[in-house]
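Here are a few exercises to work through with the model open in your viewer. Try each task before you read its solution.

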Amino acid sequence: MADVKSRLTKQEEVLLLRLLGSKRTSLLYKGSVHGFNINTFHYICNRQGPTVAVAYNASGYIFGAFTVQSYSSSGAYLNDDKAFLFRLKGKENESSPIKIPVKIAQEAVYDNSEYGPYFGAGSLVLLSDNKAAVATNQNVASYTFNAEDLHGNDQVLTECEVYRVEDVGDIMEIPWRKIAWTVGERLKLMEEIRTYKPYLNNVSQFRVLILGPIGAGKSSFFNSVNSTFRGYVTSQAIAGSDSTSVTMQYRTYEVKNGRDGHPLPIVFCDSMGLEEKQGAGLEIEEVPNILKGHVPDRYQFNSSSIIHPNAPGYIRNPTLKDQIHCVAFVIDGSKVEILPENLAAKLREIRRKANLLDVARKGQMNQDVPQLVILTKVDEICSFLEEDISYVYKSKPVEKQNANIDEWLKDAACERCTGKFSPIDVMFKLDSAMNRI
């Protein structure tokens with residue numbers, strides 16, 4: 001029965017996936033095709049892992065229930081603190097999703113071969129009496145709900161479907177980092193950056209050095225930031241995908257505001273990409289020269305040697321405005337676990353050198369250099385983000401990579417250099433770094 005199709009419309013499917021915190025479902029059972037039969041339901045749906053049952057009635061209601069537990073006809077209650085009842089559409093067939101979490105997890109689901117999908121101590125029972133019907137009992141404590149709100153008191157089903165939920169649990173109920181994904185908040189943050197003024201009069205712009213492996217998206221990150229402030233798509237920095245670094249020069253890019261192009265108080269310093277092989281990509285011994293401000297704009301990198309005092313444009317006596325005020329490591333979030341150890345060692349060595357430089361600069365600035373991490377390609381970490389990036393801080397896979405990259409870049413040598421571990425953060429907060437200057 002490969003031609004069995006879901007009754008859900010595309011819009012209804014999106015609503016359901018959002019309730020589930022999932023990206024994919026697979027239709028297992030369809031009452032109008034397989035029969036509204038309890039034995040058939042268990043034959044098809046047992047041992048399938050997390051499932052969601054979706055019921056339809058003639059009043060236009062679409063409702064059902066979800067469990068992460070797998071049916072097995074055990075004859076016992078299944079403990080599931082993630083189970084919930086739901087409604088996608090209500091009166092007059094209007095989209096009005098509600099989610100009703102389980103109250104007593106120990107009796108979330110009754111897994112019995114004599115019943116179909118059975119939630120709570122009779123709270124919601126589909127295929128009731130082995131037919132196209134639903135039974136509800138809103139007076140038991142397993143779930144707290146109003147039966148009329150759930151299905152309009154129309155207990156005759158026109159359809160009942162059960163789906164396997166493929167990637168349940170990727171999206172959290174409560175975000176692991178709170179951020180307001182609103183236009184107002186975005187405009188507020190942009191205005192804070194536009195109006196920022198460094199504390200020191202001789203530093204008019206805040207300089208951020210972007211470092212990372214080839215293909216991680218360093219140049220693309222700058223282009224995205226610049227496009228946001230310009231109000232249209234720009235491609236000032238050369239970006240692309242290749243086996244070697246696309247960026248061959250050291251470039252300093254001002255972020256421009258609006259179509260008039262007024263420069264903002266921030267400059268991104270783009271560098272050659274890091275490569276696994278020795279003698280390829282950015283030479284890590286070049287990094288201290290960049291941090292100290294010796295390297296001029298448009299300097300041509302050479303993997304076999306570093307800049308020397310007699311090189312054209314070499315800045316012999318850099319001032320504070322020439323130096324780097326923040327280091328941002330750009331990492332492809334989908335490749336954290338598979339990055340070669342040689343590359344990881346290079347990044348840790350750069351961190352160590354940056355922290356050694358902090359010691360030398362403390363007498364001048366009385367502050368260390370903030371070091372941050374920007375995780376790119378998060379939609380490849382969690383496919384749910386392909387449709388809605390605002391779920392990024394509810395994503396378990398992204399949270400896991402956040403912890404992984406923090407551990408990955410730690411180096412005991414850093415603590416010996418500075419007396420503390422410099423903060424690593426996957427949220428690039430310009431305001432906190434700017435306040436160091």
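**Exercise 1. Find how the side chains of R164 and E166 meet, and say how exposed each residue is.**

Step 1: R164 and E166 form a salt bridge, with 3.3 Å from N to O. The term stands for a Lys or Arg side-chain nitrogen within 4 Å of an Asp or Glu carboxyl oxygen.

Step 2: Now check the cover. R164 has a relative accessible area of 25% and E166 one of 35%, so R164 is partly exposed and E166 is too. The classes are buried (under 20%), exposed (over 50%) and partly exposed in between, using a 1.4 Å probe and protein chains only.

Step 3: For a network, look at E285, E349, R352 and K353, which are joined by salt bridges that share partners. The structure holds 13 salt bridges.

A word on the ground rules: this is a predicted model, where local features need pLDDT of at least 70 and side-chain atom pairs pLDDT 80 or more, while totals for chains, interfaces and linings use all residues. Numbering runs from 1 along each chain as its sequence is written, and side-chain values use heavy atoms, leaving out hydrogens and water.

**Exercise 2. Work out which parts the K30 and E159 pair ties together.**

Step 1: Their side chains make a salt bridge at 3.6 Å, N to O.

Step 2: K30 sits in strand 1 (residues 25–30) and E159 in strand 11 (residues 157–165), so the pair links parts 129 residues apart in sequence. Strands here are DSSP runs of E, at least two residues, and helices are runs of H or I, at least four, both numbered from the N terminus.

Step 3: K30 is buried at 8% relative accessibility, and E159 is buried at 3%.

**Exercise 3. Compare the cover on K82 and D81.**

Step 1: K82 and D81 form a salt bridge, their closest N and O atoms being 3.3 Å apart.

Step 2: K82 comes out at 46%, so K82 is partly exposed. D81, at 54%, counts as exposed.
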